[in-house]
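Grab a pencil and have the 3D view ready. Work through each exercise yourself before you read the solution below it.

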Amino acid sequence: MDFNVKRFAADAGTFLSRAVQFTEEKLGQAEKTELDAHLEKLLTRAECTKHWTEKILKQTEALLQPNPNVRIEEFLYEKLDKKAPTRMNNHELLGEAMIDFGNEFGPGTAYGNALVKCGETEKQIGGAEREFIQSSAINFLTPFRNFLEGDFKTILKERKLLQVKRLDLDAAKTKLKKARVMEARAAAEQDVKMTQSEFDRQAEITRLLLEGVSSTHAHHLRCLNDFVEAQTTYYAQCYQYMVDLQKQLGSFPSTFSSSSHQTGGGANVSVPTLPVSTSPAAAPRKCSLGFGELLTAGGSRRARVLYDYDAAGSSELSLLADEVIMVSSVPGMDSDWLMGERGNQRGKVPITYLELLN
């Protein structure tokens with residue numbers, strides 16, 4: 001019991017001497033032992049590393065998951081050591097909506113089929129995004145968090161202990177200066193030697209930890225390379241998915257009808273548009289395949305249909321890809337159109353959807 005009381009009294013005395021030393025330093029009434037320049041530089045670098053690591057971590061989290069509510073939810077699940085529920089991302093939700101609409105509208109129609117294909121591509125992009133986020137979380141975010149929650153917390157702990165040892169050393173020096181009796185000076189000198197040794201030892205421990213920040217930089221550089229590689233893979237996948245989709249959409253031409261944009265009266269003129277594609281099959285063919293001659297000389301010719309075409313009105317003829325019809329020019333008709341005949345069916349057809357046969 002007496003031992004515990006004495007120990008408590010000693011601890012209280014040590015705490016009081018630290019408090020007095022700290023207060024007098026702030027008031028400029030006591031000298032302060034300064035850390036060497038190299039250690040100060042290492043401390044500044046560690047603080048800078050911690051500041052920017054936090055900032056990059058926060059911005060990367062916002063990039064990978066823009067919704068702050070979802071980020072909070074994922075953080076809580078992580079702290080509770082539970083798996084967060086799997087939810088569809090925006091690309092996957094859009095893809096699902098497109099597929100559902102395309103199936104309801106009719107996958108046999110050009111528009112419905114195109115919607116389904118777009119939806120499938122959006123879901124592929126959503127899957128690629130999910131893989132990118134998972135890879136970035138493991139190879140980039142986790143090492144950054146480990147530094148902040150592990151290595152840097154250890155540095156803070158040892159730095160705080162170094163501050164305590166410095167206060168003990170300076171308090172012992174102050175006590176030595178104030179000692180007048182020989183016995184008191186001898187005890188104070190012994191105290192200075194002991195506290196100086198403890199301070200030097202703690203300074204060395206702190207220095208070694210701070211120098212380890214260089215290894216952290218090297219590790220984070222490798223993580224940064226992994227992050228860039230993951231981004232490169234993700235964007236390359238997305239680009240390839242969209243290129244493939246664009247090629248597929250080249251076989252689903254659409255027409256623009258001015259009637260859908262007119263609210264008043266007047267003649268409705270349908271203007272055919274080329275399919276979006278860079279392939280030669282989608283380029284205009286009327287010059288290279290004899291359309292000019294047919295328009296000028298008249299007569300009729302057999303033609304193969306290149307793409308499906310949905311008639312925009314009763315004056316037009318719907319077409320199916322690869323079927324063969326008869327076409328002829330009609331005086332006064334727009335040069336982008338021919339008169340098409342399939343059995344008893346007759347109607348205007350766009351030249352850009354046809355290939356004349358010999």
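**Exercise 1.** How many aromatic pairs does the structure hold? Then work out whether the pair of phenylalanine 132 and phenylalanine 227 counts as stacked or edge-to-face.

*Solution.* Keep in mind that this is a predicted model.
- Step 1: the count comes to twelve aromatic pairs.
- Step 2: for phenylalanine 132 and phenylalanine 227, the ring centres are 6.1 Å apart and the planes make an angle of 25°.
- Step 3: rings pair when their centres lie within 6.5 Å, and planes under 30 degrees apart count as stacked. So this pair is stacked, given its 6.1 Å and 25°.

**Exercise 2.** Which parts of the chain does the pair of phenylalanine 132 and phenylalanine 227 tie together?

*Solution.* 
- Step 1: find the helices. Phenylalanine 132 sits in helix H5, and phenylalanine 227 in helix H7.
- Step 2: look at the sequence. The pair links parts that are 95 residues apart in sequence, because its two members belong to those two helices.
- Step 3: check the surroundings. Both phenylalanine 132 and phenylalanine 227 are buried.

**Exercise 3.** Now try phenylalanine 132 with tyrosine 234: what are the distance and the angle of this pair?

*Solution.* 
- Step 1: centre to centre you get 5.0 Å, with 5° between the planes, and the pair is stacked.
- Step 2: phenylalanine 132 is in helix H5 and tyrosine 234 in helix H7, so parts 102 residues apart in sequence are tied together.
- Step 3: zoom out a bit. One aromatic cluster is formed by Phe132, Phe140, Phe144, Phe227, Tyr234 and Tyr235.

**Exercise 4.** Over the face of which residue does lysine 348 lie?

*Solution.* Look for tryptophan 337: lysine 348 lies over its face, 5.1 Å from the ring centre.

Key. Residues numbered from 1 in each chain as written. Predicted model: local features only at pLDDT ≥ 70, side-chain atom pairs only at ≥ 80, totals over all residues. Heavy atoms only, no water. Phe/Tyr/Trp six-rings, centres within 6.5 Å; stacked < 30°, edge-to-face > 60°. Helix = DSSP H or I, 4+ residues; strand = E, 2+ residues; numbered from the N terminus. Buried < 20%, exposed > 50% of the residue type's maximum accessible area, 1.4 Å probe, protein only. Lys NZ or Arg CZ within 6 Å of the ring centre and 35° of its normal.
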